[in-house]
Amino acid sequence: MSNVFMGMPTLPVFGDGNLHIEEPFPAAAHRELGKTQMRANLRHATHTIRDKRLKVVAELPDWEELRDAGSATKNLVMANLPALLQEFETNFTARGGVIHWARDAHEANQIVADLIKEQGTTEVVKVKSMATQEIGLNEYLEEQGISALETDLAELIVQLGHDKPSHILVPAIHKNRTEVRDIFLKEMPNVDPNLTDEPRLLAMAAREHLRRKFLSAKVAISGANFALADSGTLAVVESEGNGRMCLTLPETLITVMGIEKLLPTKDDLEVFMQLLPRSSTGERMNPYTSLWTGVTEGDGPQNVHLVLLDNGRTAALADKYGRTALNCIRCSACMNVCPVYERTGGHAYGSTYPGPIGAILTPLLTGIKSEENSTLPYASTLCGACYDACPVKINIPEILVHLRGEDVDSKRGEKKLPSQMDLMMKGGSWAFSSGKHLGLLEKGLPLGKLAAGRDKKIKRLPGIAAGWTQSRDIPAPPSQSFRDWWKKDHEPVAPVNEQEEVKR
């Protein structure tokens with residue numbers, strides 16, 4: 001066998017960028033729980049969106065069938081992704097577009113920066129994009145002397161506030177309107193000093209600020225919600241019209257899109273245009289839906305580029321249990337029903353992708369061993385609300401359990417020595433395999449009562465069990481077990497003689 005390197009990357013190739021969390025989720029969550037205003041903002045916003053969604057979903061008698069269709073379509077895409085990508089590339093380039101392939105965040109950022117520099121500009125406008133947040137594009141462009149202005153209102157609030165998004169759909173969900181007004185007064189140039197927190201006035205101030213940028217920008221950057229393989233068409237859905245301005249006015253348009261966003265044909269778009277708005281904003285249809293196919297002479301951008309981003313997606317695709325996480329259409333429905341997210345907010349997750357979908361997608365893209373990402377699959381009660389809400393039926397609880405198993409296995413090391421959890425499970429198996437074994441352990445109950453002390457509470461356990469007592473106390477065990485009590489207080493009932501019963 002030859003040892004000469006043939007240029008093939010080592011597999012799997014995991015993602016980088018704003019995906020590697022630096023603080024364990026429990027520690028971050030504990031800190032975020034102390035932000036009472038943030039928690040109040042989150043509760044109000046998530047419950048409002050949740051209630052709107054329930055109403056518009058109830059209007060459709062075939063909602064479950066639509067979910068089935070969406071799930072089946074995305075599963076088909078993942079099963080045929082290489083062929084569909086080639087088909088899309090052929091159709092996109094045939095219509096005047098240029099495709100760039102990026103293995104990771106660094107390559108994608110470099111490609112975008114080079115394209116901007118070719119146009120001789122140092123300022124670009126952006127459509128809201130999870131992919132560009134994932135790769136840290138804004139930060140990279142700033143290092144290159146290029147200013148990227150977010151034009152989505154919520155993204156603009158986050159950017160001006162020198163903050164980070166905390167929600168997939170509503171990045172500034174943790175801010176209330178008074179906080180938004182304060183940000184505008186402090187950071188937005190030429191704003192009326194008498195600006196109030198009335199939503200209409202806040203929107204007007206943002207519109208005036210952005211309009212000048214739209215009309216002067218030579219380059220725009222966007223993401224994409226969907227890409228149609230049969231025609232090479234890209235689609236962006238948004239609610240404010242800022243996306244339409246970015247996609248039509250500048251001379252150069254650069255789109256960054258994850259390779260999983262494909263749909264086979266234009267007919268498949270019908271299903272997702274019903275699933276997405278209802279699941280995300282609780283609307284029957286999206287206010288602005290923009291589709292473009294390559295270059296049209298004399299109409300819209302004449303220099304159209306698409307960066308197809310892997311960044312760990314093929315690694316996720318190789319996981320037979322977790323690959324359905326790539327079916328996600330970024331609607332955020334799972335976050336709006338999650339009891340953990342509602343209380344901790346998106347910043348506790350430390351990644352571009354927060355909430356239930358982030359708890360599975362982030363470690364799949366980076367590998368379970370990446371920094372503190374192994375703590376994310378435990379950021380869940382496994383209540384299943386996320387699975388019930390997901391429009392494409394991603395079984396998030398099942399994948400969470402799978403990733404927890406991956407985490408446990410990864411910590412055993414090469415020698416595969418048993419961990420504390422292994423020993424506890426082995427002990428539990430032995431105890432519950434026989435009544436005699438359980439009875440033997442029950443004789444140790446008085447020792448547990450002694451350990452509880454005068455207040456009759458066990459407040460600290462050793463080893464891995466310490467995680468249980470970090471947030472709760474264990475009541476002192478009783479002086480005797482139920483089995484012992486039953487045995488002492490109830491005489492055994494003699495078996496009935498069937499022949500005597502017949503004689504009676």
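The entries below go from the overall chain to single contacts.

**Entry 1. The chain as a whole**

I note at the outset that this is a predicted model. I counted the secondary structure and found 24 helices and 12 strands in the chain. I then looked up the extent of the C-alpha trace, which spans about 100 × 70 × 55 Å along its principal axes. Of the 504 residues of the chain, 47% count as buried. I also checked contacts with a sequence separation of 6 or more: residues 24 or more positions apart account for 74% of them.

**Entry 2. The sheet of six strands**

I traced an open sheet of 6 strands, and its order reads S1-S10-S7-S4-S2-S3. The pairing in this sheet is parallel. Which strands stand at the edges? They are S1 (98-102) and S3 (147-150); each has a single partner strand, so one side of each is left without a neighbour in the sheet. From one strand to the next, the twist averages 25°.

I recalled that strands of a sheet pair through backbone hydrogen bonds, either parallel or antiparallel. I then went through several pairings in turn.

- S2 (residues 123-126) runs parallel to S4 (residues 219-222), and 2 bridges join them. Lys126 has Ile221 in S4 as its bridge partner.
- S4 pairs with S7 in the parallel sense over 4 bridges. Here Ser222 stands opposite Thr255 in S7.
- S7 and S10 run parallel and are joined by 7 bridges. For Ile254, the bridge partner in S10 is His305.

**Entry 3. Strand S7 and the helix across the sheet**

I examined S7 (252-258) residue by residue. How many of its residues are buried? I found 7 of the 7 buried, so S7 is largely enclosed by the rest of the structure. Thr252, Ile254, Val256 and Gly258 point one way from the strand, whereas Leu253, Thr255 and Met257 point the other way. Residues on both sides are buried.

I next looked up helix H5 (residues 105-118), which lies across S1, S2, S4, S7 and S10 (303-309). H5 runs at about 145° to S1.

**Entry 4. The sheet of four strands**

I traced another open sheet, with 4 strands in the order S8-S5-S6-S9. Its pairing is mixed. S8 (262-263) and S9 (288-292) stand at the edges, and because each has a single partner strand, one side of each is left without a neighbour in the sheet. Within this sheet I checked S5 (residues 226-228) against S6 (residues 233-238), which pair in the antiparallel sense over 3 bridges. The bridge partner of Leu228 in S6 is Thr233.

**Entry 5. Helices H16 and H18**

I finally looked up how H16 (residues 355-366) packs with H18 (residues 396-410). The angle is about 40°, and the axes are 10 Å apart. The helices are therefore oblique to each other. H16 passes H18 in a left-handed crossing.

Which residues of H16 meet H18? I listed Pro356, Ile357, Ala359, Ile360, Pro363 and Leu364 on the H16 side. On the H18 side they meet Ile396, Ile399, Leu400 and Leu403. I sorted the residues of this contact by type and found 10 nonpolar, no polar and no charged.

How values were computed. Residues are numbered from 1 along each chain as its sequence is written. This is a predicted model: local features need pLDDT of at least 70, side-chain atom pairs count only at pLDDT 80 or more; totals for chains, interfaces and linings use all residues. Side-chain values use heavy atoms; hydrogens and water are left out. Axes are lines fitted to C-alpha atoms, for helices over the stretch in contact, and angles run from 0 to 180 degrees between N-to-C directions. Angles under 35 degrees count as roughly parallel, over 145 as roughly antiparallel, 65 to 115 as roughly perpendicular and the rest as oblique. A crossing is left-handed if the near helix is turned anticlockwise from the far one by less than a right angle, and right-handed if clockwise. Contact means heavy atoms within 4.5 Å. Ala, Val, Leu, Ile, Met, Phe, Trp, Tyr, Cys and Pro count as nonpolar, Asp, Glu, Lys and Arg as charged, and the others, Gly among them, as polar. Two strands pair if DSSP finds at least two bridges between them. Buried means under 20% relative accessible area, exposed over 50%, partly exposed in between (1.4 Å probe, protein chains only).
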